[in-house]
Protein chains: 2
Amino acid sequence: MQIQVAVAKIGKYASSESGDSLEMIERPHGGLSFVLADGQRSGKSAKAISHLVASKAIALLAEGVRDGAAARATHDYLYLHRRGQVSATLNIVSVDMETKTLVLSRNSHCPVIVQMAADQQIRLEDPTPPIGVQRGTKPQISELPLQVGMVAVIYTDGVQSAGEQRGQPLDVPLLVAKLYAEHWGKPHVAQAIADALLAEALRRDEGRPRDDMSVLVVAVAAGNGDEARRLSVTFPVPPLFRP
Amino acid sequence: MQIQVAVAKIGKYASSESGDSLEMIERPHGGLSFVLADGQRSGKSAKAISHLVASKAIALLAEGVRDGAAARATHDYLYLHRRGQVSATLNIVSVDMETKTLVLSRNSHCPVIVQMAADQQIRLEDPTPPIGVQRGTKPQISELPLQVGMVAVIYTDGVQSAGEQRGQPLDVPLLVAKLYAEHWGKPHVAQAIADALLAEALRRDEGRPRDDMSVLVVAVAAGNGDEARRLSVTFPVPPLFRP
């Protein structure tokens, strides 16, 4: 069995940076957690919020705090420090090797999609407020046993609303099912689905994303016999002008 | 310009988990930091130490603490909590977008290798103690302007000493220069170098690593026009036995 995680993200067009933050941490009892936060608005102010939120959640998870408690505590922290006036969406996705489960925690209006097989899709889409604004906010949590064939797809607002302004909205659940059918069984299924979903969202916005877009995909694939863990990160850097 | 970061790591043969920890965090002023820690001994006790060390360093970097201060503070923390009796190596590698530099902080007997061009190699190899055991331990720090063509290679003990017991030691600096010449200019240069270096270290230990092995590679490549940031993680999971 092999866990694959892939992230693809891009900032709003003509904005200096993405307001979404993605962080990763190793769980003290085994496994990995990923935190995806989308701060209110875009650009630097959104980034400041999402970085604060993601760092707080990561610090709690690093100490062994369980996911639901970490989401609640991160809400409380943001609610206190910004006096209930600033919101952020927060998704925590954990591959928990102690319980052998995928733990999905969600405070967002965007659903979380879990494709279990080509013809079986679970959607977490209960109405769930973002964190930071309503006292006592709780996440929607789902815990699923890890099994070969499952692919979870988590994404932010910019993907959800891609193309809407141009009358060509994106049906993300439908697209995920299609991408699953197309890519399942290939070696880098998580990366392929993340890249294809981001590319389609970008296409709907005609190459100029109207909001920050992030996609996080976790896939449980059959093992390939290689014992190594691997991580790869690539990011573009604007040309450097040095004085 | 594109930053590529790749990590490949594997645990000691027949050990339940790697005693090395690798964590990543986004820097609040822009850029990314990577922390690689190798705890004394191997298996669970080493993992507990390296996780503690890496989490502490990451938490400090997330708050905007500068790298040298984060390394010193992490030492102080380990020294206090384990009464100077437990050591760990600590490398912090930052792509700092505020200063447009690569910041290399090192508390390890393993050198850090920076290949600037096919015929130019910088080695950071001052005698530097691990953290945790000597009062007032400081890191060796080097800060290099980001420029296309540079590749930094950081690794732990298990790579350094691969093959020694079998009389076939690995000359890592020489191998890095060779791999640079072979892979520079290809699309995934960081991943190619990390994978090839780990594979060669494994080969020297005849497929049964005598110690935890981790390789971290940061490459500054020419841009490819794609604006997206990407992250990919893969890790093997032993077969799950559920009661």
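Colleague: How many salt bridges does the structure hold over all chains?
Modeller: This is a predicted model, in which local features need pLDDT of at least 70, side-chain atom pairs count only at pLDDT 80 or more, and totals for chains, interfaces and linings use all residues; side-chain values use heavy atoms, with hydrogens and water left out. Residues are numbered from 1 along each chain as its sequence is written, while chains are lettered from A and ligands numbered from 1 in the order in which they are written. A salt bridge is a side-chain nitrogen of Lys or Arg within 4 Å of a carboxyl oxygen of Asp or Glu. By that rule, the total over all chains is 20.

Colleague: How many salt bridges does the rule find across the interface of chain B and chain A?
Modeller: Arg230(B) forms a salt bridge with Asp195(A), with the closest N and O atoms 2.8 Å apart. Across the interface of chain B and chain A, the count is 4.

Colleague: Which residue of chain A forms a salt bridge with Glu26(B)?
Modeller: Helices (H or I, at least four residues) and strands (E, at least two) are DSSP runs, numbered from the N terminus. The closest N and O atoms of this salt bridge are 2.9 Å apart. The pair crosses between chains, from strand E2 (residues 20–26) of chain B to helix H1 of chain A. The partner of Glu26(B) is Lys47(A).

Colleague: What area is buried between chain B and chain A?
Modeller: The contact, meaning heavy atoms within 4.5 Å, involves 46 residues of chain B and 46 residues of chain A. Buried area is the accessible area (1.4 Å probe) that two parts lose on being put together, summed over both. Carbon and sulfur atoms give 58% of a total of about 4,800 Å².

Colleague: How are H1(A) and H2(A) oriented to each other?
Modeller: Axes are lines fitted to C-alpha atoms, for helices over the stretch in contact, and angles run from 0 to 180 degrees between N-to-C directions. Helix H1 (residues 43–62) and helix H2 (residues 67–81) of chain A have axes 9 Å apart and pack at an angle of about 140°. Angles under 35 degrees count as roughly parallel, over 145 as roughly antiparallel, 65 to 115 as roughly perpendicular and the rest as oblique. H1(A) and H2(A) are therefore oblique.

Colleague: How many residues of the contact of H1(A) with H2(A) are nonpolar?
Modeller: Among the contacting residues are Ile49(A) and Lys56(A) of H1(A), and Asp67(A) and Thr74(A) of H2(A). Ala, Val, Leu, Ile, Met, Phe, Trp, Tyr, Cys and Pro count as nonpolar, Asp, Glu, Lys and Arg as charged, and the others, Gly among them, as polar. The contact has 1 polar and 2 charged residues, and the number of nonpolar ones is 10.

Colleague: At what angle do the axes of helix H4 and helix H5 of chain A cross?
Modeller: H4 spans residues 172–183 and H5 spans residues 189–204. Their axes come within 10 Å and cross at roughly 140°.

Colleague: Which residue of the contact of H4(B) with H5(B) is charged?
Modeller: H4(B) and H5(B) are therefore oblique to each other, given that their axes cross at roughly 140°. Their contact divides into 10 nonpolar, 1 polar and 1 charged residues. H4(B) contributes residues including His183(B), and H5(B) contributes residues including Glu200(B).
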